[in-house]
Amino acid sequence: MESAVTKALKMMAIALPTMFFVIAIFYVATKALHKAFPAPVEDEEEEEEEDEE
Amino acid sequence: MEALLAQYPWLDELLMGFLGLSWKHIAMWVIGAILIYLAVEYDYEPILLLPIGFGAILANIPHSSAVSTHPGEEGFLVVLYQGGIANELFPVLIFIAIGAMCDFTPLIRRPSVMFFAAAAQFGIFATAVGAAALGFKFEHAASIGIIGAADGPTTIYVASRYAQDMLGPLAVAAYSYMSLVPVIQPPVVRAITTANERKIKMGFLGEEPVSDRAKFLFPLLIVLIAGIVAPISVALIGSLMFGNILKVSGVVENLSNTAQNELANLVTLLLGITIGGTMTAEKFLTIDVAFIMGLGAVAFVFDTVGGVMFAKLGNMFTKTKINPMIGACGISAFPMSGRVIAKMALKEDPTNFIIQHAIGVNVAGQVASVVAGGLVLALIPALTK
């Protein structure tokens with residue numbers, strides 16, 4: 001029978017790397033999404049105007 | 001007194017409030033009053049601490065009809081608990097509201113910030129280990145660790161499944177420490193960074209503006225990936241992203257506004273008072289609750305350390321240095337953590353504006369905390385088998 005501490009350590013050992021793995025997938029997918037759908041020129045100008053405001 | 005009650009049985013009915021009163025009830029009134037005081041006087045998460053404080057008082061009046069569990073005479077707080085928390089409905093509705101309020105643009109523009117947010121979830125797991133070492137059983141230890149997500153709805157969601165008896169203190173700890181971010185984070189950040197590191201300036205080189213289409217597709221993308229990796233997280237991340245797509249689609253402005261205002265306010269009101277209703281003296285006045293409160297602070301400290309140390313580690317391998325303080329914003333306390341860290345940078349150097357980077361990491365913290373919550377939900381049953 002495993003103790004609660006062992007289980008908690010096991011959870012950390014599994015969850016943290018999995019967390020980074022999932023985030024890495026998010027990172028790659030978000031990069032690809034951003035690249036696939038770049039902001040048109042008008043959007044850029046709008047954002048700049050918003051920033052100025 | 002007993003002889004009097006035997007002679008006049010109706011007195012028992014009239015005086016049951018007085019007769020049932022104990023010091024524990026009074027102590028809980030004081031705790032409820034403190035929560036209300038903190039909300040009103042110091043503006044500490046008032047939208048939650050005020051209803052929680054009032055709910056705690058209602059739950060600790062002897063024979064209170066608000067928390068009656070007699071079949072057919074269930075109190076309204078019991079009915080709300082069964083209808084909104086036991087079945088996880090309220091946290092999910094809150095996530096729809098939060099999603100509608102979130103702007104993921106800084107995250108899409110610089111997705112690398114998500115790694116800081118992942119590192120800042122370290123507090124969850126470190127605290128779970130600490131709680132287990134203090135004698136809590138694993139399911140409870142993991143639920144206590146979730147306070148480190150700095151995300152009230154996720155804490156409630158996990159607790160309602162695996163630590164129902166601790167729901168009140170867990171929610172109070174989560175929301176209290178979220179409001180104490182300006183007190184907890186700065187000393188921790190200062191202790192683990194040098195003055196030179198805190199003065200690092202960050203540019204926006206290579207960061208392109210984000211198109212509306214990318215903003216629209218982002219929530220769908222995240223739901224699909226998170227859902228496939230951890231299907232148990234779909235309720236949390238799905239509702240968060242549903243709220244966001246209402247906003248970014250631009251075609252259902254009324255629904256988006258309703259989610260951000262009416263839904264958020266109504267559910268927060270019910271959630272708060274219902275959690276307060278679970279804070280009965282016998283559940284709250286225990287040594288375990290004192291431990292939970294202490295461990296909550298530990299969770300926030302370890303989150304901050306995890307995020308900042310990860311940023312410092314990154315600086316060892318990259319040419320373009322980042323200000324390691326932004327790692328601390330990877331928690332879900334949005335936008336408070338981002339603002340606190342940006343203010344710290346300005347204090348070190350009045351020309352150092354890192355607010356956009358800090359807020360980007362802070363937004364990523366919203367996503368990462370839900371992913372962490374999903375992983376904990378998946379791992380608790382897997383490891384208790």
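How many helices and how many strands does the secondary structure of chain A come to? Two helices and zero strands, where helices (H or I, at least four residues) and strands (E, at least two) are DSSP runs numbered from the N terminus. All the views show a predicted model, in which local features need pLDDT of at least 70, side-chain atom pairs count only at pLDDT 80 or more, and totals for chains, interfaces and linings use all residues. Residues are numbered from 1 along each chain as its sequence is written, while chains are lettered from A and ligands numbered from 1 in the order in which they are written.

**View 1. Where chain B touches chain A.** The contact takes 31 residues from chain A and 38 residues from chain B; two residues are in contact if their C-beta atoms, placed from the backbone, lie within 7 Å. On the chain B side, H8 (113–119), H9 (122–133), H10 (138–145), H15 (212–229) and H21 (355–384) each supply at least two residues. H15(B) gives the most, with ten residues. Sorted by class, this side of chain B has 31 nonpolar, three polar and four charged residues (nonpolar: Ala, Val, Leu, Ile, Met, Phe, Trp, Tyr, Cys and Pro; charged: Asp, Glu, Lys and Arg; polar: the others, Gly among them).

**View 2. H1(A) against H15(B).** The axes of H1(A) (residues 4–36) and H15(B) come within 10 Å and cross at roughly 155°; axes are lines fitted to C-alpha atoms, for helices over the stretch in contact, and angles run from 0 to 180 degrees between N-to-C directions. H1(A) and H15(B) are therefore roughly antiparallel to each other, a term for angles over 145 degrees. H1(A) supplies A:Val22, A:Ile25, A:Phe26, A:Ala29, A:Thr30, A:Leu33 and A:His34 to the contact, and the residues from H15(B) include B:Leu217, B:Phe218, B:Leu221 and B:Ile225. The tally for this helix pair is 13 nonpolar, two polar and no charged residues.

**View 3. H9(B) and what covers it.** Eleven of the twelve residues of H9(B) are buried, so this helix is largely enclosed by the rest of the structure (buried: 20 or more other C-beta atoms within 10 Å of a residue's own, with C-beta atoms placed from the backbone). Among the buried residues are B:Phe122, B:Ile124, B:Phe125 and B:Val129. Their cover includes H1 of chain A, together with H8, H10, H19 (287–317) and H21 of chain B. Just after H9(B), B:Gly135 takes a positive phi of about 110°.

Key:
Angles under 35 degrees count as roughly parallel, over 145 as roughly antiparallel, 65 to 115 as roughly perpendicular and the rest as oblique.
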